[in-house]
Amino acid sequence: MRLNIDAVEARISEGDPLPPEHDRLACGSSPLSLNALYREHSARLRRYFAGRASRNDTDDLVQETFARLAGAKARNSAAIEQPRAYVNRIACNLLREQARFAARRSAALHVSDEDVQLAGADPVAHLESRDMIARLEHAMARMKPATREIFMAHRLDGYTYCEIAERTGLSVKGVEKHICKAIVIVNRAMRGR
C-alpha cells in the first residue's frame, strides 16, 4: 500500500479553506483517511505503549503518533509505501525520545557525592549526651552500694522485684524502697541539683 502525502495539498492554495477530505492521504490509487488509520492502529499502539511507557502517557503517545503522521503530509512530498510501518517507526521514535528526555532529566537531578556535605555527629547533642552520662555516673556514685546493685539489677539486667528479693534476702517492700531511693537520686542529678 502506497501513501501519497502531497496529492491533496497540491490542489489547495494557501488562502483556500480546507475541503472535507483534507485528512485523506492517497495510498496507491485509493485515498486513506487519517481517521481510518487511527481506527485501524490506535488500539494496537495503545497496547504497544502500555507495555513500554507509563499508563498515564499511553493516550498522549498515540495522539502524538498520529499528529506526526498528519504533519508528515505537510513536510513530505514523497509517497509512503507502508503506512503501518511508518506509524510503527513514529511510535518507536517517540519512545526513544521519551527515554532520552528522562535520562537527561535524571542526569540533571543527579548530585555527586563529592558535592554533598555529609551530616556529621551533632556536636551539641554529643556534649549533652556526655553531660548526661557524667551526671548519671555521679548519681550512681552517691548511692549506697546495696541501693546501686538493686537499681542496676532491675534497670539494666531486667530482674523483677521478686527475683531481686530472692537473691538479696530482702522483702519485696525493701527492694521497692531501694529502687525509690535510687530514682530520687538519679532525678535530682539529672536536674542538676
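Thr-65 sits in helix H2, which spans residues 58-75; helices here are DSSP runs of H or I with at least four residues, strands are runs of E with at least two, and both are numbered from the N terminus. The model is a predicted one, in which local features need pLDDT of at least 70 and side-chain atom pairs count only at pLDDT 80 or more, while totals for chains, interfaces and linings use all residues. Residues are numbered from 1 along each chain as its sequence is written, and side-chain values use heavy atoms, with hydrogens and water left out.

Is Thr-65 buried or exposed? Its relative accessible area is 0%, so Thr-65 is buried; the term means under 20% relative accessible area, with exposed meaning over 50% and partly exposed in between, for a 1.4 Å probe and protein chains only. Setting aside residues up to four places away in sequence, Thr-65 touches Leu-45, Phe-49, Val-87, Ile-90, Ala-91 and Leu-94, where a contact means heavy atoms within 4.5 Å.

A pair of aromatic rings is described by the distance of the centres and the angle of the planes. Rings of Phe, Tyr and Trp (its six-membered ring) pair if their centres lie within 6.5 Å; planes under 30 degrees apart count as stacked, over 60 as edge-to-face and the rest as tilted. The count by this rule is 2 aromatic pairs. In one of them, Tyr-38 and Phe-66 have ring centres 5.1 Å apart and planes at 70°, so this pair is edge-to-face. Because Tyr-38 lies in helix H1 (residues 34-50) and Phe-66 in helix H2, the pair ties together parts that are 28 residues apart in sequence. Tyr-38 is partly exposed at 33% relative accessible area, whereas Phe-66 is buried at 9%.

On the H4 side, Met-132, Arg-135, Leu-136, Ala-139 and Arg-142 meet Ile-185, Val-186, Ala-189, Met-190 and Arg-191 of H7.

Met-143 lies in the loop between H4 and helix H5 (145-155). With a relative accessibility of 4%, Met-143 counts as buried. Apart from neighbours within four places in sequence, Met-143 is in contact with Arg-148, Phe-151, Ala-182, Ile-185 and Val-186. Met-143 and Lys-181 are 38 residues apart in sequence, and their C-alpha atoms are 8.4 Å apart in space.

Finally, the whole chain. The secondary structure comes to 7 helices and 4 strands, in the order β-β-β-α-α-β-α-α-α-α-α from the N terminus on. Of its 193 residues, 26% count as buried.
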